[in-house]
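Trainee: I have a new structure to read. Please take me through it feature by feature.

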Amino acid sequence: MRRIALGFLIGTVSLQTLTVLPGRVFLSVLLATLLVIVSVWFFRGRSWPVITGLLVSTGIGFFMASIIAHQLLAGALPEKLEGQDVVVEGYIASLPEQQGRRLQFQFVPESLRWQDVVQDVPGKLLLSWYPRKGYKIPPVHVGERWRLQVRLKRPHGFSNPGGFDYEAWLFQQGIRAKGYVRFFTKTITKNSTKELTPVSVNQRLAPAGNVYRVDQLRETLRTRILAVLDDHPLRGIVLALAIGDRQQISQPQWDVLIRTGTNHLVAISGLHVGLVAGFAFFLVRSLWCLSARAVTRWPAVKAGAVAALLAAAVYAMLAGFSVPTQRALVMVAVVMLAMIVQRHTRPSSLLALALLLVLMIDPLAVMSAGFWLSFGAVAVIVYGMSGRLAMNSYWWRWGRVQWLAAAGLFPALLLLFQQVSVVAPLANLLAVPWVSLITVPLTLLGSIGLGFSATVGEWLLGLSTLSLELLWWWLDGLAQWKLAAWQQRAPPLWAMPVAVIGIVWLLAPRGVPARWVGLVGLLPLLFVSPAVIPQGQARFTLLDVGQGLAAVVQTQNHVLVFDTGPRFSSGFNTGEAVVAPYLHAQGRRHIDTLVVSHGDNDHMGGVAGLRAIIPVRQVLSSVPQRIDGARLCQAGHSWQWDGVTFAMLNPGEYVHEGGRKSNNRSCVLRVQAGEHSVLLTGDIERAAENELVQTFGNSLASDVLVAPHHGSRTSSTPAFLAAVSPTMALFPVGYRNRYGFPGAQIVQRYVDRQVRLFDTAQHGAIELQLGSEAGLDTVMTHRQRAARYWHVK
């Protein structure tokens, strides 16, 4: 079983590394080969050789994962429908989430019409509904059937080193298009003016059945719990433990949970599902033993196992059968079924069977970090506690479990998140039994009690929040410690197998000599540094922040960040989500200078989020009054770092008649490394470009130009391009952005000058090595380097 599960895992993971899915011919040949091998060995009746069994199970895993992936890709939105107004009919398939001003929900379409013509129905949609002046969002509930006019686009996310692969997450969730509900349609009158006409097709329809009763029950519970807890600050954690809904947890609370390594407690996974199953098992087994007649008809252990399985299934149902919950339910089912059939199996074989079943049910589970952490934690504990369950006291064994989890998951946490909680063993030593034995039972009993007696339910939920308040004092205190979390760049992939060998040796059973030598295998995780940038060279990276700008210039010992991208109404900002993870991935712990070109949200929206994570020594901006501790950026200011020259060219002292637009006050920075130079221009437009040409003339000449104002028609004048004379232009733009950047006329202007063009929407993050011997011939784009078959082509 362990060999089969390992081979299946290898085959499934191998598929996720491909940039293009294998075609039908290849899969047909693979299937035929597997059938021949299996048939030969079946009729010969011999046992499988180790290598043959591993290869066959690898092939089967690869084949099954390929079929699922092909099915998902077949449900993609046709490119011709992107940005078009289409009418969809279908069901609200998830609990609606209020994110700032917008309401977001998943939608399963039954039909799709474009220009009154029926089109192929794509897969699941992720829709947002924004209020408009004079028009409120109507009440929307899971399971309701709606007809909506929407505007869709294919899944597309930021693509940056060290960043979160949003497209992979959407693909794993089966979401094949994103979009928003239209409140108005825009028409052009005879006088060339725009008129907004309310959309009349948006309406609730009569349901044609009800397959969302479980989710409707979850939404009812959510409404009741929120009504009882009102504005209690910890109500989000209660909701997460009760029904798996984590949207009410605030960002500061997430920060505490992450820094203390207790964020797994608010995910209904193996810990909580196993706890519920355990309670049901021991309760029913004890009650069953009270009846001699019941015991003679069926063993109490089997009755307890059935009850445990049913209880786990009900709890998983309340959690919405999320992916972590599905994994936990499968693992519980494997253990309980082994008890029912009275098969004594080694824990490692049960774990392998659970792994195999999870991969067969959902081959894409390997794309989730939770998959590796949950199975990894169980595997490490099973291995490390082997032969020690009967030894020492309960608290000794519990403390060892925390040590095993911390040590065993250390390499995976560094690789996946570039962060490890130092205080996690101490925090979990108390938090896990506290939440498991006190908070979760009170939460579940209170949630159930609301359906029978509001008074009892409110009382139990009040006790649940009280238990969380007491625990939160402990967790918040640990999180305040400056060294609570260790952050560093992700280790190289070759260091992972070395670390695994080290962990296996370090946690080996007693009797294995020199177990401390296993620590040597962990050293590459901590002490392998990225290649040092040579003196006089600079690494320039234009990050993908959607419709906005963020760039990073690294020299041998210094870091400059130019703009931080936007902040959205939901609170999400690219300073925290894109710039900071990129710097961590580069092994950078501080920013020497942050330049905020001007005050538009798409340039300075991420400043606060970035500064909250990474220390910034100096801030320069054209709007210093809007940023704490900032100084004015001014033309004439220049400096050198490690043989690389930085020169500020704008804003100057001269002000145009009638004042200067905010865009034209943008900081403009020129970076010179060896023979190569980059000009960062912010959002300057025609007036500022003309002034720069008059002031600096041919001194503006730069090899690389970050296109002014994202390629707007108000910028990139012929005179400015002639003065800069770039060989390469970079456009920081969002995928299918509403402004139409870069403008076709502007792009043609660059093409006419034979300038090489790159944009972040198409290429993701763009990296150049300035001053190197290779020159600018080598351009690293992250979408090419990290391409996978699920990415938008």
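This is a predicted model: local features need pLDDT of at least 70, side-chain atom pairs count only at pLDDT 80 or more; totals for chains, interfaces and linings use all residues.

Trainee: Is Q104 buried or exposed?

Mentor: Look at the relative accessible area. Buried means under 20%. Q104 has 12%, so Q104 is buried.

Trainee: Which residues are in contact with Q104, leaving aside its neighbours within four places in sequence?

Mentor: L95, P96, E97 and Q99 are in contact with Q104, and so are L126, L127 and S128. Take S128 from that list. Its side chain and that of Q104 are joined by a polar contact of 3.4 Å.

Trainee: Now salt bridges. How many does a search of the whole structure find?

Mentor: The search finds 12 salt bridges. A side-chain nitrogen of Lys or Arg must lie within 4 Å of a carboxyl oxygen of Asp or Glu. Take E79 and R154: their closest N and O atoms are 3.9 Å apart, and they form a salt bridge.

Trainee: Where in the chain are these two partners, E79 and R154?

Mentor: E79 is in the loop between α3 (50–74) and β1 (85–92). R154 is in the loop between β6 (145–153) and α4 (166–172). They are 75 residues apart, so the pair links distant parts of the chain.

Trainee: What about burial for this pair?

Mentor: Check each partner separately. E79 is exposed, with a relative accessible area of 57%. R154 is buried, at 15%.

Trainee: Which other residue forms a salt bridge with R154?

Mentor: E82 does, with the closest N and O atoms 3.3 Å apart. This pair also links distant parts of the chain: E82 is in the loop between α3 and β1, 72 residues from R154. E82 is buried, with a relative accessible area of 4%.

Trainee: What does a salt bridge inside a helix look like here?

Mentor: See R218 and D215. They form a salt bridge, with the closest N and O atoms 3.2 Å apart. Both lie in helix α5 (residues 213–229), three residues apart, so about one helical turn separates them. Both R218 and D215 are buried. Elsewhere, salt bridges that share partners join E89, E110, R145 and R147 into one network.

Trainee: Next, a helix and its sides. Which residues of helix α7 are buried?

Mentor: Helix α7 covers residues 251–259, and its buried residues are Q253, W254, V256 and L257. They cover an arc of only 160° around the axis, which puts them on the same side of α7.

Trainee: What covers the buried residues of α7?

Mentor: The cover includes α16 (454–479). Look also at what follows the helix. G261 comes after α7, and its phi is positive, near 65°.

Trainee: Last, the surface. Which residues make the nonpolar surface patch?

Mentor: The patch has an area of about 1,200 Å². Its residues include V422, W481, L483, W486, W505 and W516. V517, L519, V520, L523, L526 and F527 also belong to the patch.

Trainee: Which helix gives the most to the nonpolar patch?

Mentor: Helix α18 (residues 523–527) does, with three residues.

Trainee: Where is L483 found?

Mentor: L483 is in the loop between α16 and β12 (485–487). Its relative accessible area is 55%, so L483 is exposed.

Note on methods. Residues are numbered from 1 along each chain as its sequence is written. Side-chain values use heavy atoms; hydrogens and water are left out. Buried means under 20% relative accessible area, exposed over 50%, partly exposed in between (1.4 Å probe, protein chains only). Helices (H or I, at least four residues) and strands (E, at least two) are DSSP runs, numbered from the N terminus. The arc is that of the directions from the helix axis to the C-beta atoms. Contact means heavy atoms within 4.5 Å. Patches are made of residues with over 30% relative accessible area and no salt bridge: like charges are joined within 9 Å, nonpolar side chains (Val, Leu, Ile, Met, Phe, Trp, Tyr) within 5 Å. Accessible areas come from the Shrake-Rupley method with a 1.4 Å probe; for residues, only the protein chains shown count as cover. A polar contact is a pair of N or O atoms within 3.5 Å; within protein, one must be able to donate a hydrogen and the other to accept it, and residues adjacent in sequence count only if both atoms are side-chain atoms.
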